[in-house]
Amino acid sequence: MSWFGILSEKPWLPEAQGTAAQWGRTAYTPAVKISLRFLLGIISVFFMLFFVTFISRSQYDDFLALAGEPWQPFTHSWRLWINSGVLVLASVAMQNAVYALRRDQSLRLLCSLAAGALLAMLFIILQISVWQFLQAMGYGVAANPANSYFYILTGLHALHLLGGLVALGRVVNSLRRDGDLQNRHAAIEACALYWHYLLGLWLVLFFMLTRTPETYALIAAACGLG
Amino acid sequence: MTHIAIADQTAHLHHPKTFIGKYIWSQDHKVIAIQYSVTAIFVGLIALLLSVLMRLQLGFPGQFNFITPDAYLQFVTMHGMIMVIYLLTALLLGGFGNYLIPLMVGTRDMVFPYLNMLSYWFYLVSVIVLMSSFFVTGGPTGAGWTLYPPQSILAGTPGAGSGIVLMLLSLAIFIVAFTMGGLNYVTTIFQARTRGMTLMRMPLTIWGILTATILGLLAFPALLVSAIMMLFDATLGTSFFMPAIVSLGEPLNHEGGSPILFQHLFWFFGHPEVYIVALPAFGMVSDVLSVHARKNIFGYRMMVWAIVIIGGLSFIVWAHHMYVSGMNPYFGFFFATTTLIIAVPTAIKVYNWVLTLWKGNIHLTVPMLFAIGFIFTFTHGGLSGLFLGNVVVDLPLSDTFFVVAHFHMVMGVSPIMVLFAALYHWFPLVSGKQLHTGLGKLHFWGTFLGTYAIYLPMHYLGFLGVPRRYYALGDTSFIPESAHVLNEDITIAAIIVALFQLVFVANVIWTLRSGPRSVRNPWGVASLEWHTPDVPPVHGNWGDALPTVHRWAYDYSVPGAKQDFIPQHVAEEDVEYEAGGRRSGEGE
Ligand code: HEM
Ligand SMILES: [Cu+2]
């Protein structure tokens, strides 16, 4: 039923004959899925707010974008492309786990989950190496707001990935304890969805953090933040 | 969207055996609720003590040596933050939300009990981190609960070193705790309701808690974002919010940041926050009024809609806190308009509460007294809000005691009134014992009249131009001598009100230790929470089988029915009617 339908119910009327019999036949969405949807919504709001502040901050004079001129770190962003590739593979591995789950292939499932987790960790390590690269070039956290945002946003993204790893670890652990695949469908699918979400989020971050000043001006104007 | 839980998982409920498993590392929503409530009330008492200290300074300036200007500002800040976040938010959602959601929608527990437990422990850590700032060098932050940079992290503001860092850390931990709890509440409400419990059959308490939780889940991220950025500014020297600035004669390393950005983020959280506190209170007071007037709530659907609409609108009014920060006049116009629009659904709710009482069979029990008291205080606070919502009226009144009076009436006293109504109302359910009525009435009159004695004169002080967050007024030509006399009176009233709270504490202790056992469902309530097999409910709540719901929660004084209320789980066939009095089919 639509939200409008629900909100216009008249609960004070006596229950119609036979309604009671219908209960229990409605579609049943696992709790993990519902709460994951909410969680992804919350994380989106969280990063959205960062983006808004980022775009408006990008229009101040002292903001030096990380790309544009040849000497700037992300004018050629091949490092970030490699990292993106790793994260894509992590997502593919998780999706593979979901397929394995549907076909009940437990060995393939475990291998894919392990691959998903390891690739995610690799991604985090590579991100740290990007930080070191920036540090070495003299692009410290406080040197410029563009750098500050780069460290904060990639750091928070990595933290979310770590949270996902903890959740995945708990799922695998409970699987190991009772081997009950059937009851873990929702949880594993949720982990895969979370990985895809963080991949998407990373791509957005990648795009946002490596634009030239002209593009920022354009985005700011489009959002009315100029 | 109606997802009704078929899985009734008694088998999976794991009953802890040891004392520690039962009461410390508990995953039972009821125990977690009590842990939340006790912790929140404890910090609330500390905040109350801080307010008395502030009042001592304002009423009798210079008489108390230990209240230095720095200490005064630290008391103000900690008082405000504790009251809003660590008491009201935690008690309403972590305490009442946890206790009532599973019982009112008919589940055995929250959908993720483990996460629920973690939520409490994170909350406790956030409280400990906050309290630890009293003991670090420099003390807690004195920046005001709004924590505006640049002053909050600059030398010269009390607690600008570790105090502010601990405050921001504590807030971040609190937000994590809230998110874990909040996900549980919404998922439980959406997914795990028992058979027949459609969304529109839920008591308004649950609607209030649900909407407030969603607001919290969407608004707290703004506070988290600003807390993280400010932590970076304070510790790593970034310039998110910090402009180029000269402090104590030295130019600092910051450059180009925007303090106004912080204000936007803060209030994008801050205004919804006031409704995070208000909406659960709206819900609970509706239920208390309906039960104790033995009448169905007037305009149930309108009440639900109003809750949802207020929740939505609360995200587009935030800049009414920033009229004096300087903004485009069209912005001011926009935010003034949305602010005044939000008064419409709010007023509808007030009318509906009054109409619920109209021709009701009003029992002036202690919960009912507090609920009626709430209607008064909330109306007062709401009306002064209408004044402040207009830019031209706000400019002279902003940062005066008029604002202090407004928000204390509306979000200080009013939710506290509801909290007391709720505590007296649900105490027999939680403990099996009923609080002493005489002491309760004493507590009510002391609190109700006392808070008026405190806050009504503050409106007048505001008109005189007495500024807020000032340690002392000194010799200020435009403030007459009478203002000082008034300040003394307010302080005396505040001390009396604080003492009256001890009546409540004594009542709770006495009742728990030697009060008589209460009868089952003493107020004759129709909603599910009073109809568990055991009262107080035990682990798993519902014994062998979950209840099936056949009606809304407000069947009071149904014409023709023998009993003056029909519990939610009683089917139409099973209702006993007086001979010939069977209710006809249509609604009223
Ligand atoms: C008709 C409804 C309301 C209107 C029109 C309204 C309007 C306003 C305005 C314009 C201000 C800013 C005053 C200033 O700083 O100059 C304000 C402050 C405040 N309001 Fe309300 N308000 C309303 C309801 C509420 C409710 C329901 C709550 C809480 C439950 C609340 C809590 C507060 C608080 C805490 C502040 C002070 C914030 C600070 O420290 O600056 N208000 N209100
Ligand atoms: Cu507001």
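Does His321(B) count as buried, exposed or partly exposed, and at what relative accessibility? Good morning, colleagues. In this predicted model, His321(B) counts as partly exposed because its relative accessibility is 28%, which lies between the 20% and 50% limits. His320(B), by contrast, counts as buried, because its value of 13% falls under 20%.

The copper ion, ligand 2, is coordinated by ND1 of His271(B) and by NE2 of His320(B) and of His321(B), at 1.8 to 2.0 Å. Along the sequence, these donor residues follow the spacing H-x48-H-H. The iron atom of ligand 1 lies 4.5 Å from this copper ion.

Let me proceed to the interface of chain A and chain B. Here 43 residues of chain A are in contact with 59 residues of chain B. The size of an interface is often given as the accessible area lost when the parts come together. Between chain A and chain B, the buried area is about 4600 Å², and carbon and sulfur atoms give 72% of that area. The count of salt bridges between the two chains is zero. Polar contacts are found, however: eight residue pairs across the interface, with both residues at pLDDT 80 or more.

Which helices of chain A supply at least two residues each of the side that touches chain B? They are helix 1 (3–7), helix 3 (31–57) and helix 6 (145–178). Helix 3 of chain A gives the largest share, 14 residues. By class, this side of chain A has 29 nonpolar, eight polar and six charged residues.

Note on methods:
Residues numbered from 1 in each chain as written. Chains lettered and ligands numbered in written order. Predicted model: local features only at pLDDT ≥ 70, side-chain atom pairs only at ≥ 80, totals over all residues. Heavy atoms only, no water. Contact = heavy atoms within 4.5 Å. Buried area = accessible area lost by both parts, 1.4 Å probe. Salt bridge = Lys/Arg side-chain N within 4 Å of Asp/Glu carboxyl O. Polar contact = N/O pair within 3.5 Å; in protein donor to acceptor, adjacent residues only side chain to side chain. Helix = DSSP H or I, 4+ residues; strand = E, 2+ residues; numbered from the N terminus. Nonpolar A, V, L, I, M, F, W, Y, C, P; charged D, E, K, R; others polar. Donors = N, O, S within 2.8 Å, 3.2 Å for Na, K, Ca; no water. Buried < 20%, exposed > 50% of the residue type's maximum accessible area, 1.4 Å probe, protein only.
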